[in-house]
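Subject: Structure handover

Hello,

Here is the structure for you to look through. Please open it beside this email and follow along.

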Amino acid sequence: MAFELAPLPYAFAALEPYIDAKTMEIHHDKHHATYITNLNTALANSADLQGKSVEDLVKNLSSLPDAVRTAVRNNGGGHLNHSIFWQQLTPGGSQPSGALLDALNSTFGSLDTLKDQFNKAGLGRFGSGWAWLVVDGSGKLAVVSTANQDNPITDGASPILGVDVWEHAYYLNYQNRRADYLKAIWNVINWNDVSARFAAAVK
Amino acid sequence: MTFELPALPYAENALEPYYSARTISFHYGKHHKAYVDNLNKLVAGTDLEGKSLEEVIAASAGNPAKAGLFNNAAQIWNHTFFWQCMKPGGGSRPTGRIAQMIDEAFGSYEAFAAQFKAAAIGRFGSGWAWLVLENGKLKITSTPNAEMPVPPGQHALLTVDVWEHAYYLDYQNRRPDFVQTFLDKLINWDFVAKNLG
């Protein structure tokens, strides 16, 4: 069965003024859709891989045949990362609480310190990529960044929050001002989704 | 001596409608300028202060500990080169010696254009596509992020910037349309010919 583009869980304009409707429309309907199209094309002759989940494919990149590995890394990664990203945003934003907030405070000292570290990771990613909050292999929270469409699960970590810092994620609204985009996006983070991923990762 | 943002070789609106003044105002006035400002900060008070751009690139290339230096220095070089690769009324087929070399290397202008476009589209993420001279022969390559063809092995003749900031305001996700327009309407073949030496 081919991979398919899920609808956005909110309207294109729902995240304004922090992320504009035109950016959301092109990002979801064009960029994300293209990764899925290219992933399906890459796996057209690999019936055994078509039945796997995209998480499974990206997690086990090293076990894939050479002929499809780079295409899955780029396009499977693009599909997985964007699928996570849409869930992590919500109109009106939210605040972390409970076990996640306790863990953030004990690891980073405060939520503001986490945001600073996260934004620094996003700003410091030269070229295209993502900033992440992950639960690493030893069960600890950590901030990392990845290049292009790489996902931390390939390295054995569990991503619980991901922010896209490809220029296409913000250029229409923020142009060269990636720092402003990173600052603004905290206003629309869906901490319920982050909490659910955290709970699953530390279980 | 500090590094300076070189003047654009044409007005910011000179490449319209194919490459907008708004894009150039950010691409040249913000991105290119930021690389210059960053590099000046990075070399200040170090043994690289006062060195040429080429010297900074040579001293930092391939050294992960000096990635900041290399990225900013190489991006200054790449952008300065890129602006010269375009001109108002440019594009379409070259003539003269470069045209003959393209026919010899690729079979035809059409084959060259198709390969150049494929390299530009196929560069996943941010980067550059290049026409280079390698051991006296024309070759098409692409590089990620700030990386560039390194002399003496490779000598850059032509480049197109495929970082999204190079085309997003005008073309959004349609990188193939930007590269086709670059080929058809923007390439400064006089500059390419001059780079043959």
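By class, 8 nonpolar, 10 polar and 5 charged residues make up the lining of the largest pocket. Nonpolar here means Ala, Val, Leu, Ile, Met, Phe, Trp, Tyr, Cys and Pro; charged means Asp, Glu, Lys and Arg; the others, Gly among them, are polar. The largest pocket holds about 580 Å³ of space. Among its 23 lining residues, A:Leu123, A:Phe126, A:Arg178, B:Tyr35 and B:Asn38 are the closest to its centre.

Some terms. The search uses a 1 Å grid over the protein atoms alone, and a pocket is an open set of points where a 1.4 Å probe fits, with protein on both sides within 12 Å along at least five of seven lines. Lining residues have an atom within 4 Å of a point. Grid points are joined across faces, edges and corners, and the volume is the space filled by probe spheres set on them.

Please note that this is a predicted model: local features need pLDDT of at least 70, side-chain atom pairs count only at pLDDT 80 or more, and totals for chains, interfaces and linings use all residues. Residues are numbered from 1 along each chain as its sequence is written, chains are lettered from A and ligands numbered from 1 in the order in which they are written, and side-chain values use heavy atoms, with hydrogens and water left out.

pLDDT is the predictor's confidence in each residue, from 0 to 100. Chain B has a mean pLDDT of 97, with 99% of its residues at 70 or more. For the complex, the predictor gives an ipTM of 0.95 and a pTM of 0.96.

Helices (H or I, at least four residues) and strands (E, at least two) are DSSP runs, numbered from the N terminus.

Now the second largest pocket. Its volume is about 480 Å³. It has 19 lining residues, and A:Thr34, A:Asn38, B:Ile121, B:Phe124 and B:Arg175 lie nearest its centre. At least two lining residues each come from helix H1 (21–42) and helix H4 (66–87) of chain A, and from helix H5 (109–122) and helix H7 (175–186) of chain B. H1(A) has the largest share, 4 residues. The classes are 6 nonpolar, 9 polar and 4 charged.

Next, the interface. In chain B, 19 residues are in contact (heavy atoms within 4.5 Å) with 19 residues of chain A. The two chains bury about 1800 Å² between them, and carbon and sulfur atoms give 62% of this. Buried area is the accessible area (1.4 Å probe) that two parts lose on being put together, summed over both. On the chain B side, B:Phe124, B:Glu164 and B:Tyr168 lose the most area to chain A, together 38% of what that side buries.

Last, the backbone. A:Glu16 and A:Pro17 are joined by a cis peptide bond, with omega about 5 degrees. A:Pro17 sits in the segment before H1 of chain A. In chain B, a cis peptide bond joins B:Glu16 and B:Pro17, with omega about 0 degrees. A:Asn148 has a positive phi, near 50 degrees, and is not a glycine. A:Asn148 lies in the loop between strand E2 (141–147) and strand E3 (158–164) of chain A.

Best wishes
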